Amino acid sequence: MLLFLDVDGTLLPYGAPDDAYPVYERGASGPSDGHPLLRRVDPGLGARLAALGCELVWASTWMDEANAIIAPWLGLPPLPVVEWPDEDEPPGPLHWKTRPLVAWAAGRPFVWIDDELTEADRAWVAGHHRGPALLHRVNHVDGLTEADFGAVRGWLGEQGVFP
């Protein structure tokens, strides 16, 4: 089971204070040196994501920077990265990531966690993806919460992936 993971608004909540997770003192070297907003990201999310039993995949505009900056902060190994096409998505209600993620999944079941998902994305995936898929929208102010983990775990359990 694939789990496509967005960063901004999902792991990095827009409503969190800049020093929500001050693991390192200012001026000390550490993973937080790579990005000024990294201390908004709960470092405990990495273990919780890994415990879901899915193949984690970065589905973010951070691309390879997610492995250089976010993964070490979360205690995750380098993850596969979805490379986005250079051409623009046609105008419409569909999120620009939707078609590339369905293509990347190539029929495999997946979870997509993002703060910009809509019913248009869910409908398109239902009509164009032959495997099971959960498109789970996260509130960008709070980022990934226990309620979000519960929804994902529940769906994975229905798929026989999560006990």
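Analyst: Strands S3 and S4 pair in the parallel sense over five bridges, where pairing requires that DSSP finds at least two bridges between two strands, and where helices (H or I, at least four residues) and strands (E, at least two) are DSSP runs numbered from the N terminus. Within this pairing, the bridge partner of Trp112 is Leu135 in S4. The chain passes from S3 through H4 to S4 in a β-α-β crossover that is right-handed, a term used if, with the strands pointing away from the viewer, the path from the first strand over the helix to the second runs clockwise.

This is a predicted model, in which local features need pLDDT of at least 70 and side-chain atom pairs count only at pLDDT 80 or more, while totals for chains, interfaces and linings use all residues. Residues are numbered from 1 along each chain as its sequence is written, and side-chain values use heavy atoms, with hydrogens and water left out. The pLDDT, the predictor's confidence in each residue from 0 to 100, averages 90 over the chain, and 91% of the residues score at least 70. Over residues 25-29, however, the pLDDT is below 50, and this stretch has five contacts in the model beyond near neighbours in sequence, contact meaning heavy atoms within 4.5 Å.

The sheet as a whole is open and has four strands in the order S2-S1-S3-S4, with parallel pairing. Its edge strands, each pairing on one side only, are S2 (55-58) and S4 (133-137), and the twist averages 20° from one strand to the next. Strand S1 (residues 2-5) is joined to S2 by four bridges, the two running parallel, and Leu5 stands opposite Trp58 in S2. S1 also pairs with S3 in the parallel sense, over four bridges, with Leu2 opposite Phe110 in S3.

Five of the five residues of S3 are buried, so this strand is largely enclosed by the rest of the structure; buried means under 20% relative accessible area, exposed over 50%, and partly exposed in between (1.4 Å probe, protein chains only). Phe110, Trp112 and Asp114 point one way from S3, Val111 and Ile113 point the other way, and all are buried.

Helix H3 (residues 98-105) lies across S1, S2 and S3 (110-114) and runs at about 155° to S1, whereas helix H4 (residues 119-128) lies across S3 and S4 at about 175° to S4.

Val82, in the loop between H2 and H3, counts as buried because its relative accessibility is 1%. Leaving out residues up to four places away in sequence, Val82 touches Phe4, Val57, Trp58, Met63, Leu101 and Trp104. Ser60 lies in the loop between S2 and helix H2 (64-74) and, at 0% relative accessibility, likewise counts as buried. The side chain of Ser60 reaches the backbone nitrogen of Trp62 at 3.0 Å, and, apart from neighbours within four places in sequence, Ser60 is in contact with Leu5, Asp6, Val7, Trp84 and Lys97.

Notes
Axes are lines fitted to C-alpha atoms, for helices over the stretch in contact, and angles run from 0 to 180 degrees between N-to-C directions. A polar contact is a pair of N or O atoms within 3.5 Å; within protein, one must be able to donate a hydrogen and the other to accept it, and residues adjacent in sequence count only if both atoms are side-chain atoms.
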